[in-house]
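Please walk through this model with the chain in view. The tour goes from the overall layout to a helix pair and then to the cores.

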Amino acid sequence: LNLRAGLLRQYSRLMESTPHTLTLMCVGETGVGKSSLISNLFTVPVVKTPPARTEKIVHHQLQIDGDGVPLTLNFIDTPGYGDEMEIALTFKKIVDDLDRMSEEEFQREDRTNRKPQSVFRSYGVDAVLYFIAPHRFKGIDIKFLKNIQGRVNIIPILAKADTMTSDELIAFRSEVTTKLAE
């Protein structure tokens, strides 16, 4: 019993003294609330200026104190697809950025003389938050998700779900689940 309590105290001290890193990439159509969700979820503004349309992949770093545990949030804001005439070009930029960061992580881990890093430090993308526009789960969504599947964890988000009735939300969630399972 004392061993367990001692290990928990030790782990708790380690968490409080060691910064954690979380890297999230947000992908979805223009105007579905990618930046707004991060700002509201972590109660910090992502950008200091009024929100504008994201025109290129932008890496933000936010320092957050989560109940005494220091957290560095690396938030990757991507352009909403549909901003460019060629959706495939937008998706290619996102996939290329994911692949670049994965390659950098692999190179860092593969070094013979790598610098000791925190146990909680990650240089790749921990998860892609994929925003699905309300009432519009399209073939391009499925194609993109299948393209990044296996590269990164994917968390599908039904964007602006508060604009749907309960019945619409249940039906839409069922449609998305069915199509993702195919």
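Predicted model: local features only at pLDDT ≥ 70, side-chain atom pairs only at ≥ 80, totals over all residues.

Residues are numbered from 1 along each chain as its sequence is written, and side-chain values use heavy atoms, with hydrogens and water left out.

Start with the layout. The chain holds five helices and five strands. Here helices (H or I, at least four residues) and strands (E, at least two) are DSSP runs, numbered from the N terminus. Their order from the N terminus is α-β-α-β-β-α-β-α-β-α. Of the 182 residues, 35% are buried (under 20% relative accessible area; exposed is over 50%, partly exposed in between, with a 1.4 Å probe and protein chains only). Contact means heavy atoms within 4.5 Å. Among contacts with a separation of 6 or more, 70% join residues 24 or more positions apart.

Now the helix pair. Two packed helices are described by the angle and the distance between their axes. The axes of helix 3 (residues 87-110) and helix 4 (residues 139-148) come within 11 Å and cross at roughly 20°. Axes are lines fitted to C-alpha atoms, for helices over the stretch in contact; angles run from 0 to 180 degrees between N-to-C directions. Helix 3 is therefore roughly parallel to helix 4 (angles under 35 degrees). The crossing is right-handed, meaning that the near helix is turned clockwise from the far one by less than a right angle. Helix 3 brings Ile-87, Phe-91, Ile-94, Val-95 and Leu-98 to the contact, and helix 4 brings Ile-140, Phe-144, Asn-147 and Ile-148. Eight of these residues are nonpolar, one is polar and none is charged (Ala, Val, Leu, Ile, Met, Phe, Trp, Tyr, Cys and Pro count as nonpolar, Asp, Glu, Lys and Arg as charged, the others, Gly among them, as polar).

Lys-92 also lies in helix 3. Lys-92 counts as partly exposed because its relative accessibility is 48%. Its C-alpha atom is 9.8 Å from that of Asn-147, 55 residues apart along the chain.

The largest nonpolar core has 24 residues. Such a core is a set of buried Ala, Val, Leu, Ile, Met, Phe, Trp, Tyr and Cys residues joined through side-chain atoms within 4.5 Å. Helix 3 gives the largest share, five residues. Among the residues with the most contacts inside the core are Val-27 and Phe-144. Beyond its neighbours within four places in sequence, Val-27 touches residues including Phe-91, Ile-94 and Phe-144. Another core, of 16 residues, lies apart and includes Val-32, Phe-42, Ile-64 and Phe-75.

Conventions
Parallel < 35°, antiparallel > 145°, perpendicular 65-115°, else oblique.
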